[in-house]
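Hi everyone, thanks for coming along. I'd like to walk you through one structure today, going sheet by sheet and then helix by helix.

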Amino acid sequence: MIHLSHPEPSIALVEMDAAPANVLAMAQRARLLEAFAAIEADWAVRVVVLTGRNGAFCTGDDLAESLSRDVETQTAAILHFLAMCDTIAAARVPVIAAVDGWCIGGGLELALACDIRLASTRASFACSAVRMGLTASAGRLTRLIGESRAKPHLLTGAPFDAARALADGVVAEVHPAEGLLDAALGMARVIASRAPLAVAATKRVASGASTTAAEIPALAASADHAEARAAFMAKRPAVFEGK
């Protein structure tokens, strides 16, 4: 199952729940995409936290299901998984991955598609595609941490822990498992308090989809920018409406 909830109106929480390892069979992917489509349509939402239940984040495709596919169907299924990750990467609002437990193969690709990754101390990562006769994460991981750090993970497929993920820049923070979701929601709360148009523009620029010069004219003319300046002068918190 895919659970979509709203701990606060401005925060969406998406939880993958397919025990024990949160594999994403075709039906589960459809539900995940439906959840993100609902988030895109809800303009009250300013940030998403994506996580997994069952002490795992995600381990990618359902290998048992994949055994029933012929070559053409399997190829389409793999490309569908990558397209799903692209959809999440292109989400209107920032997406924070809260990674607890296994984050392997396609699950790592999914985490890399998110804007920010936080991990628990028991998180375990692996670029396992080379062990399955495939390739995955070579683009996103290399762009994120650089070729020299990425290739040992990509070419060996060896597992690595949260401390290594933090040292290599795969994740931004590491927390005890029991505090991971609270940390992710706390970061989401801070992001949700910022000017929504500015957050969206910053995400586009940081992701390489736009440039600062292209974004500034609309932001400078926005009501949020005027509100920020007025609030600063009045020494009060700004109230942003995304206008």
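Let me start with a question: which strands does helix H8 lie across? Keep in mind as we look that this is a predicted model. Helix H8, residues 177-192, lies across S1, S2, S3, S5, S7 and S10. Relative to S7, which covers 116-120, the helix runs at about 160°.

Six strands make an open sheet with mixed pairing, and the order is S1-S2-S3-S5-S7-S10. At the edges you find S1 (2-8) and S10 (173-175), each of them pairing on one side only. From one strand to the next, the twist averages 25°.

Now, back to helix H8 for a moment, and to the charged side chains. The structure holds 15 salt bridges. One that I'd like to show you is between glutamate 8 and arginine 189, whose side chains meet with an N to O distance of 2.5 Å. Glutamate 8 sits in strand S1 and arginine 189 in helix H8, so this pair ties together parts that lie 181 residues apart in sequence.

On to the other sheet. Here we have four strands, again open and with mixed pairing, in the order S4-S6-S8-S9. S4 (56-58) and S9 (160-161) are the edge strands with a single partner strand each, so one side of each is left without a neighbour in the sheet. Helix H4, residues 106-113, packs on this sheet and touches S4, S6 and S8, and its direction makes about 90° with that of S6.

Within that sheet, S6 (residues 102-104) and S8 (residues 124-126) run parallel and are joined by three bridges. Tryptophan 102 has serine 124 in S8 as its bridge partner.

What angle do H3 and H4 make where they pack? The angle is about 20°, and the axes are 8 Å apart, with H3 spanning residues 71-89. The two helices are therefore roughly parallel to each other, and H3 passes H4 in a right-handed crossing. On the H3 side, the contact is made by Phe81, Leu82, Met84, Cys85, Ile88 and Ala89, and on the H4 side by Gly106, Gly107, Glu109, Leu110 and Ala113. By type, these residues divide into eight nonpolar, two polar and one charged.

H3 has another helix to talk about, namely H1, residues 26-41. The axes of H1 and H3 come within 11 Å and cross at roughly 20°, which makes H1 roughly parallel to H3. This time the crossing is left-handed. From H1, the contact uses Met26, Arg29, Leu32, Leu33 and Phe36; from H3, it uses Ala77, His80, Phe81, Met84, Thr87 and Ile88. The residues of this contact divide into eight nonpolar, two polar and one charged.

Methods:
Residues are numbered from 1 along each chain as its sequence is written. This is a predicted model: local features need pLDDT of at least 70, side-chain atom pairs count only at pLDDT 80 or more; totals for chains, interfaces and linings use all residues. Side-chain values use heavy atoms; hydrogens and water are left out. Two strands pair if DSSP finds at least two bridges between them. Contact means heavy atoms within 4.5 Å. Axes are lines fitted to C-alpha atoms, for helices over the stretch in contact, and angles run from 0 to 180 degrees between N-to-C directions. Angles under 35 degrees count as roughly parallel, over 145 as roughly antiparallel, 65 to 115 as roughly perpendicular and the rest as oblique. A crossing is left-handed if the near helix is turned anticlockwise from the far one by less than a right angle, and right-handed if clockwise. Ala, Val, Leu, Ile, Met, Phe, Trp, Tyr, Cys and Pro count as nonpolar, Asp, Glu, Lys and Arg as charged, and the others, Gly among them, as polar. A salt bridge is a side-chain nitrogen of Lys or Arg within 4 Å of a carboxyl oxygen of Asp or Glu.
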